[in-house]
Amino acid sequence: MKTKTDKMSWLLLIGVILLLLEISFHGMGPIFFLILTAGCIYVGRKKYYMTIGKLLFWFGVIAFTLTILNTMAFKFLLIALLIYAVIRFAQSKQDPAHIKPDINESMTVSSDQEMYKRKNLLENNLFGRQQTPEHAYEWNDVNIQCGIGDTVIDLGNTVLPKGESTIVIRNLVGNIKVLVPYEIDVSVAHSVIVGTSRIFEHYEPKMFNQCLSYQSAGYDQSHHKVKIITSMVIGDLEVKRT
C-alpha cells in the first residue's frame, strides 16, 4: 500500500511541476484551450448521434491532441522519457540478459513460514513489445503494468493448472493479444479510454471510455479456466482461440 501511495505522490508531483512549467512559458492560454476542447469531446460524445455532435467530438479530439503535442510540458516529458530510455538501453548493454531454461526454481525466503519466490513470466515494461516464449514454458499468473508497447500471451505453449489462472495487464498505449486453447474457459473484464476489442466473435470497433465483460458459458463449472483483466488508455484488445 505504501509503494502504491508513493507512486501516486510522485505522479501528482510530476503533474504539478509540468503544469507550472507550462503556465510559466505560455500562461493560462493552453490550459484554458485544453479545458475547452475536453468540453467539446464530452458534449460531442453525448450528442454523437447528431451531425453537430460528431463535428464537436472530432474537433475536440484533434484540437486536444494538437494542443498537448505543442505544449512545453509534453516536449519536456518526451525528452525526459527519451533520456531515460537511452540510459536503460546503455545499462542493458553493459549487463545483458542471459537466456535460461523456463524452470521456476523455488527459493525459500522465510524460516518461519514456507514461502517461495517464483520467477515472473512477464515483467513490467516501460517501452517495447513483449510476449510469452514461443516454446513450451511453465505457467505463472501474470500481473504487469506497461507503458508504450504490445503484449502477446500464447496459452497454447503451456499447461494451465487446475482451477482459475489469472492475467492482469494495465497498459498506457499499445495492444494486448491473448491466444487461448479451445478447451479453456475464459472470463474477460476490459476497460479502455480509446480503442477496440475483439473477444472471440464479439467485436467492438469504437470504444470510448468503456468497460465490458464476457464469460464463457461453462466458466463457473470448468476445472481449467483463465480470468483476463485488462485496462488501457489507448489500444486494442484481442482474445482469440488457437
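A residue counts as partly exposed when its relative accessible area lies between the buried range, under 20%, and the exposed range, over 50%; Glu 238, with a relative accessible area of 24%, is therefore partly exposed. The views below come from a predicted model.

View 1. Of the 242 residues in the chain, 30% are buried. Among the contacts whose partners have a separation of 6 or more, 58% are made by residues 24 or more positions apart. The accessible surface of the chain comes to about 16200 Å², and carbon and sulfur atoms account for 63% of that surface.

**View 2. The salt bridge between Lys 177 and Glu 238.** How many salt bridges does a search of the whole structure find? The search finds one, and in it the side chains of Lys 177 and Glu 238 meet at 3.9 Å, taken from N to O. The pair links distant parts of the chain, since Lys 177 belongs to strand β8 (residues 176-180) and Glu 238 belongs to strand β11 (residues 224-241), 61 residues apart. Lys 177 has a relative accessible area of 31%, which means that this residue is partly exposed, and Glu 238, at 24%, is partly exposed as well.

**View 3. Strand β8 and the strands that pair with it, β6 and β11.** Is β8 largely enclosed or largely open? Four of the five residues of β8 are buried, so this strand is largely enclosed by the rest of the structure. Strand β6 (residues 151-154) runs parallel to β8 and is joined to it by four bridges; within this pairing, Val 152 has Lys 177 of β8 as its bridge partner. Strand β11 also pairs with β8 in the parallel sense, here over five bridges, and in this second pairing Leu 179 stands opposite Lys 240 of β11.

**View 4. Thr 151, a buried residue of strand β6.** Thr 151 has its place in strand β6, and because its relative accessibility is 1%, under the 20% limit, Thr 151 counts as buried. Leaving out residues up to four places away in sequence, Thr 151 touches Leu 122, Gln 130, Ile 144, Cys 146, Ile 169, Asn 175, Ile 176 and Lys 177. One of these, Gln 130, lies 21 residues from Thr 151 along the chain, while the C-alpha atoms of the two residues are separated by 5.2 Å.

**View 5. Thr 132, in the loop between β4 (130-131) and β5 (142-148).** Although Thr 132 is found in a loop, its relative accessibility is 4%, so Thr 132 counts as buried. A polar atom of the Thr 132 side chain lies 3.0 Å from the backbone nitrogen of Asp 154. Apart from neighbours within four places in sequence, the residues in contact with Thr 132 are Leu 121, Leu 122, Tyr 137, Val 152, Ile 153 and Asp 154.

**View 6. Asn 120, in the loop between β2 (116-117) and β3.** Is Asn 120 buried or partly exposed? With a relative accessibility of 41%, Asn 120 counts as partly exposed. Asn 120 and Asn 140 are 20 residues apart along the chain, and their C-alpha atoms are separated by 6.8 Å.

**View 7. A nonpolar surface patch of about 660 Å².** Which residues make this patch? Leu 126, Phe 127, Ile 148, Leu 172, Val 173, Ile 193, Val 194, Val 233 and Ile 234 make it together. The elements that each give two or more residues to the patch are β3 (125-127), β7 (163-173), β9 (185-199) and β11. Ile 193, one of the patch residues, is found in strand β9, and because its relative accessible area is 36%, Ile 193 is partly exposed.

Methods
Residues are numbered from 1 along each chain as its sequence is written. This is a predicted model: local features need pLDDT of at least 70, side-chain atom pairs count only at pLDDT 80 or more; totals for chains, interfaces and linings use all residues. Side-chain values use heavy atoms; hydrogens and water are left out. Buried means under 20% relative accessible area, exposed over 50%, partly exposed in between (1.4 Å probe, protein chains only). Contact means heavy atoms within 4.5 Å. Accessible areas come from the Shrake-Rupley method with a 1.4 Å probe; for residues, only the protein chains shown count as cover. A polar contact is a pair of N or O atoms within 3.5 Å; within protein, one must be able to donate a hydrogen and the other to accept it, and residues adjacent in sequence count only if both atoms are side-chain atoms. A salt bridge is a side-chain nitrogen of Lys or Arg within 4 Å of a carboxyl oxygen of Asp or Glu. Patches are made of residues with over 30% relative accessible area and no salt bridge: like charges are joined within 9 Å, nonpolar side chains (Val, Leu, Ile, Met, Phe, Trp, Tyr) within 5 Å. Two strands pair if DSSP finds at least two bridges between them.
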